[in-house]
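User: Could you walk me through this model before I set anything up?

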Amino acid sequence: MLGNHLSLHLIALAALAPATLAPLRREPERDGLFWGGLLLALAATFALAAGPALAAGHWRTSFSSALWASTAMSLLLYGLLCRVESAAWKLSPLLMPYLVVLGTMATLWAGAEGPPLDERAPPFWTMLHIAIALVTYALLTLAAIAALGGVLQERALKRKRPSHLTRRLPAAAEADGMAHALLVSTEVVLGAGLATGSALLYLERHRFFVFDHKTLLSWLAFLAIGGILLARRWWGVRGRAAARWMLLAYLLLTLAFLGVKFVTDIIL
C-alpha cells in the first residue's frame, strides 16, 4: 500500500521533468513542447493533490498534500499568466526547478498524515478558505520568481556579462511589470483570505481572531506586501530593493502556510 502510494508521488515528480527541461533547449520557444510539458505537469500534480481527497470524501491536510496542491495551483496560474503575458513563459527556468524542489519535499514526506479538518464550520466555507489560501500562495510564488528574474537581469546588465540563464529570462522591465501585477493580485486575494479565515474561525470557535503563529505571519505578510506597493507608488521603489521586501513577504507567507504545517505535522 505504501509502495503504491509512494509510486504516485514519484510519477508526479517525474511528470515535472518535461516542463523543467523544455526551457533548457538551445532555442526555447512558447511552442507545443512547452505547453505539452506544462499540461502534463499540471495534470499529474492536480491528480495527486485532488485525487485522494475526492476518493476519501474530504480534504487531506498533510504537509505533502499541501505541497502538491501548492505546486498544482502554481502551475495552473502560471499557465494562465503565460496566455496573457507574452514574456511569462521565460520564467520557466526559475519556476520549474523550484517546483521540482517542492515536489521532492512532498515525496519525501509522503507518509506523514495531517490532523483531520475541523468540521464545525460549513464545508463550503472551509473549502473556500483553502482555495483562497492556495491561490494566494501561488500568486506570491509567481511574483517572487518574477522579481528574482528581474534582479538577475539587472545584475547582468550592470556587469555587462549576460549569463546562459539571463539570456533565457524576460527583460528586467517585463519581469518587474509582472511582479508588480502579481503582487497587487496577491494583496487582494490575501485580504479575502484573511476575511474568510476570520469568518471560518467565528463559525468554529465564535471568535474573529486568534493570536497564533499562522495568523500573525499571514497578517505580517499582508502588511509587508501593502508596504511594498505603497513604497513603489509613493517613492518609486522597485528593482533589487523591492525584490528583497517581496522575498521577505514570501518567506512570511511560506512560514504561515507551509512552515507551521511542517512543524505541527512533521516535527511535533
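User: Before that, what am I looking at, and how is it numbered?
Analyst: This is a predicted model, in which local features need pLDDT of at least 70 and side-chain atom pairs count only at pLDDT 80 or more, while totals for chains, interfaces and linings use all residues. Residues are numbered from 1 along each chain as its sequence is written, and side-chain values use heavy atoms, with hydrogens and water left out.

User: OK, how many helices and strands?
Analyst: The protein chain has nine helices and zero strands, where helices (H or I, at least four residues) and strands (E, at least two) are DSSP runs numbered from the N terminus.

User: And what share of the residues is buried?
Analyst: Of the 268 residues in the protein chain, 47% are buried; buried means under 20% relative accessible area, exposed over 50%, and partly exposed in between, with a 1.4 Å probe and protein chains only. The accessible surface comes to about 13,800 Å², and 69% of that belongs to carbon and sulfur atoms, with areas taken from the Shrake-Rupley method with a 1.4 Å probe and, for residues, only the protein chains shown counting as cover.

User: How does α4 pack on α5?
Analyst: The two helices pack at an angle of about 160° with their axes 8 Å apart, where axes are lines fitted to C-alpha atoms, for helices over the stretch in contact, and angles run from 0 to 180 degrees between N-to-C directions. That makes α4 roughly antiparallel to α5, since angles under 35 degrees count as roughly parallel, over 145 as roughly antiparallel, 65 to 115 as roughly perpendicular and the rest as oblique. Residues of α4 in this packing include Trp 68 and Tyr 78, which lie among those that meet a set in α5 including Ser 92 and Leu 99.

User: Is Ser 92 buried or exposed, and what does it touch?
Analyst: Ser 92 is buried, with a relative accessible area of 1%. Not counting residues up to four places away in sequence, Ser 92 touches Pro 23, Phe 34, Tyr 78 and Pro 97.

User: Now α7 and α8, at what angle do they cross?
Analyst: The axes of α7 (residues 172-205) and α8 (residues 213-235) come within 10 Å and cross at roughly 140°, so α7 is oblique to α8. The contact involves, among others, Gly 191 of α7 and Phe 222 of α8, which are 31 residues apart in sequence and 7.2 Å apart in space, C-alpha to C-alpha. Gly 191 is partly exposed, with a relative accessible area of 24%.

User: Which residue just after α7 has a positive phi?
Analyst: That is His 206, with a phi of about 60°. Most residues other than glycine have a negative phi. Lys 160 also has a positive value, near 55°; Lys 160 sits in the loop between α6 (123-159) and α7 and is exposed, with a relative accessible area of 72%.

Terms used: Contact = heavy atoms within 4.5 Å.
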